Amino acid sequence: MPDRTPADVIDNPERHRFELPLGGGDVAAAYYKPDDSGHLILTHTVVPPAHEGKGYASILARGVFDTARKRGIKYVVKCPYMAAWYAKHPDYADVVFSL
């Protein structure tokens, strides 16, 4: 069971990514780019190979979507992982901008 929670996810705007610290300097990251409308486009998600298969991507995703809800912003979901996660969690429809 992972020892991280969605509350551990932080925004790193300088690197245009949300980060989930995993220890030892490793982070799982969800990259984004802002668009002209104020939405964030989620582009791709990376989990270091040593941490794959442990549930960290899901924890990262929930933290990312929770952040949007807290900030009152919406995402355009282009990342395949985030799109698949969102498809299983339609209760986050309020933070996803549909094209």
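Helices here are DSSP runs of H or I with at least four residues, strands are DSSP runs of E with at least two, and both are numbered from the N terminus. The model is predicted, and under that numbering histidine 89 is placed in the segment after helix 2 (80-88). Histidine 89 counts as buried because its relative accessibility is 18%, and buried means under 20% relative accessible area. A polar atom of the histidine 89 side chain lies 2.7 Å from the backbone oxygen of tryptophan 85.

Turning to the strands, strand 3 (residues 26-34) pairs with strand 4 (residues 40-46) in the antiparallel sense, over six bridges, and within this pairing tyrosine 31 has histidine 44 in strand 4 as its bridge partner. The two strands form a hairpin with five residues between them, and in the turn glycine 38 has a positive phi of about 90°.

Strand 4 also pairs with strand 5 (residues 75-77), here in the parallel sense and over three bridges, with leucine 40 standing opposite tyrosine 75 in strand 5. From strand 4 the chain crosses through helix 1 (residues 56-71) to strand 5, in a β-α-β crossover that is right-handed.

Helix 1 is also the place of tyrosine 56, a residue that is buried because its relative accessible area is 9%, against the cut-off of under 20%. The C-alpha atom of tyrosine 56 is separated by 7.9 Å from that of leucine 20, although the two residues are 36 residues apart along the chain.

Methods:
Residues numbered from 1 in each chain as written. Predicted model: local features only at pLDDT ≥ 70, side-chain atom pairs only at ≥ 80, totals over all residues. Heavy atoms only, no water. Pairing = 2+ DSSP bridges. Right-handed = clockwise from strand over helix to strand, strands pointing away. Buried < 20%, exposed > 50% of the residue type's maximum accessible area, 1.4 Å probe, protein only. Polar contact = N/O pair within 3.5 Å; in protein donor to acceptor, adjacent residues only side chain to side chain.
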